[in-house]
Amino acid sequence: MKVLLRVDASPDMGGGHARRCRALADGLASLGAECRYAVRDLGLDYSALGITDEQIVLLPQITDQTSDAAATVREAAAQDFAPDLVIVDHYGLSVDWHDAVRAATGARIAVIDDLADRPISADWLIDHNWHADHAEKYASVLRGDDSSLLTGPRHALLDPNFADAPLAPVADKVTSIGVFMGASDAAGATARVLEAISLSGFEGTVEVVATSANPHLAALRTAIQEQPSWTLSVDLPDLAAFMARHGLQIGAGGGATWERCAAAAPTIAAITADNQRASLPALAEKDVLHLHGASPIDPVKLAAEISDLLNNAPRRASYADASRKLVDGRGALRVAAALTPLDLRTARAEDATQAHGWRNAPETRALSTDPSEIEWASHKHWWAAAVADPDRNLLVVSLGSREVGILRFDVAKDGAAIVSIYFDPAATGLGLGTRALEAGRLWLIENEPRAKRLLAQIDDRNAPSQAIFNRAGFAPIGSLLYERPVEDQTGAIA
């Protein structure tokens with residue numbers, strides 16, 4: 001699959017849009033996609049964000065949507081890049097751009113947004129900010145009835161390394177503070193934060209992260225050099241480690257909010273852009289972070305808030321726990337999985353080894369009706385017989401180029417197709433279960449005319465599987481049994 005990401009970034013607007021696009025592109029690439037970025041040269045060094053020159057489709061300096069859409073299509077074609085999917089992260093592009101690019105390329109359109117302030121035509125709408133009801137938020141701007149919503153912090157577009165990164169320490173005493181006020185910080189918020197830290201009397205170490213796009217970088221270097229326990233990290237390649245190595249984080253809203261949540265970092269957040277005014281107060285109300293309400297930052301007020309939180313370990317621990325529950329660091333891969341086609345193929349004898357590892361994983365066995373570990377010799381014999389059995393349809397589930405699970409239908413004489421499904425543990429939690437069941441149902445219609453109804457036995461402790469089968473149109477019919485007709489599409493999710 002070829003993916004074109006249309007995004008702009010500059011020292012004034014910051015690099016947040018490009019960073020979240022790169023995180024999503026990394027997730028897509030892990031599933032076999034080839035990604036390019038269609039951008040205008042607005043003065044930002046994309047290489048500092050991990051985007052190479054070879055990945056860039058450079059657009060001319062145009063401002064109207066019609067010309068932008070035409071240039072995007074033209075310049076991608078000049079690189080012999082015909083996208084299957086176009087991802088748009090740009091507040092200045094709306095329905096006319098989306099429809100024009102879709103018509104010219106035949107590509108599906110995914111729109112990353114958080115404003116809901118303009119007409120949008122999208123196959124997928126991605127908004128990883130918190131909102132009480134995203135469907136209501138976008139009801140008046142989404143064109144068409146078939147857009148899929150990928151919304152909320154569960155879909156936070158973070159670098160993949162946040163999924164397995166260490167968590168920030170929560171101790172009685174904070175020995176270090178991390179400060180990151182955005183990729184560009186054109187308003188100079190970092191200087192106000194450093195003044196507040198000085199006023200608070202904090203005596204530990206302070207690490208400030210900035211990028212080469214920060215117009216105040218020289219002044220920051222001078223100020224930090226005057227403090228022996230303060231350091232400056234520029235164009236830091238691993239923000240996950242930075243978020244995790246300090247007992248308190250002070251930062252701007254935007255994408256870094258979700259990075260701090262993934263690292264379970266107790267946080268004081270400040271609003272530095274209008275599009276942060278919806279999510280940060282809501283997160284403060286949910287006790288995920290402390291919101292510094294003054295805009296611009298009030299150093300005296302912030303100093304008092306820093307002192308208060310430094311002296312309140314239980315509150316910091318509460319923030320850390322709520323943050324990690326909200327964001328698990330796998331949002332970019334979760335979105336990438338939703339954007340990537342899911343396929344089935346008939347299993348072969350050589351698939352036995354891979355399937356054995358998945359089936360014996362502790363995560364799989366914990367939710368199985370039979371949690372015992374299966375010996376290799378027994379599994380190998382069973383697998384060979386299953387592949388050859390005409391009444392047993394054994395299928396391998398693939399997501400892009402990555403094989404992720406096993407789906408089985410055992411067809412009985414009465415037309416019941418008994419379902420069994422399990423996944424590579426690394427692919428669980430990506431929303432694949434319901435999609436795989438729907439793909440399997442369609443496969444049965446084409447390949448197994450004997451199958452009239454689907455039947456599944458689900459352990460009553462396995463709430464995640466119950467939810468997956470419910471979303472796939474299954475209904476409980478007795479103790480641990482769920483059923484749905486093969487041909488009836490009611491309740492199925494394609």
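The model is a predicted one, and every value quoted here was computed from it. The structure holds 2 aromatic pairs, and the count of salt bridges comes to 32. The helix packing concerns α13 and α15, whose axes come within 10 Å.

**Aromatic pairs**

- W382 and W383 form a tilted aromatic pair, with 6.2 Å from centre to centre and 55° between the planes.
- The two tryptophans fall into separate accessibility classes: W382 is partly exposed, because its relative accessibility of 31% lies between the limits of 20% and 50%, whereas W383 has a relative accessible area of 1% and is therefore buried.
- The other pair, F469 with F474, is edge-to-face, the ring centres being 4.9 Å apart and the planes 80° apart.
- Both phenylalanines are buried, since F469 has a relative accessible area of 5% and F474 has one of 4%, and the cut-off for a buried residue is under 20%.

**Salt bridges**

- Side chains of opposite charge can pair when their charged atoms come close.
- R315 forms a salt bridge with D308, in which the closest N and O atoms are 2.7 Å apart; R315 is partly exposed at a relative accessible area of 24%, and D308 is also partly exposed, at 40%.
- R277 and D274 meet through their side chains in a salt bridge with an N to O distance of 3.3 Å, where R277 is partly exposed at 44% relative accessibility and D274, at 62%, counts as exposed.
- R74 forms a salt bridge with E75, with 3.4 Å between the closest N and O atoms; R74 is partly exposed with a relative accessible area of 45%, and E75 is partly exposed with one of 23%.
- Salt bridges also link R6, D8, R40 and D68 in a network.

**Packing of helices α13 and α15**

- Two packed helices are described by the angle between their axes and the distance between the axes.
- Helix α13 spans residues 352-360 and helix α15 spans residues 376-388, and their axes, which come within 10 Å, cross at roughly 125°.
- The crossing of α13 and α15 is right-handed, and the contact is made by A352, T353, A355 and H356 on the α13 side and by W376, H379 and W383 on the α15 side.

- An α-helix has 3.6 residues a turn, so residues three or four places apart point the same way.

Terms used:
Residues are numbered from 1 along each chain as its sequence is written. This is a predicted model: local features need pLDDT of at least 70, side-chain atom pairs count only at pLDDT 80 or more; totals for chains, interfaces and linings use all residues. Side-chain values use heavy atoms; hydrogens and water are left out. Rings of Phe, Tyr and Trp (its six-membered ring) pair if their centres lie within 6.5 Å; planes under 30 degrees apart count as stacked, over 60 as edge-to-face and the rest as tilted. Buried means under 20% relative accessible area, exposed over 50%, partly exposed in between (1.4 Å probe, protein chains only). A salt bridge is a side-chain nitrogen of Lys or Arg within 4 Å of a carboxyl oxygen of Asp or Glu. Axes are lines fitted to C-alpha atoms, for helices over the stretch in contact, and angles run from 0 to 180 degrees between N-to-C directions. Helices (H or I, at least four residues) and strands (E, at least two) are DSSP runs, numbered from the N terminus. A crossing is left-handed if the near helix is turned anticlockwise from the far one by less than a right angle, and right-handed if clockwise. Contact means heavy atoms within 4.5 Å.
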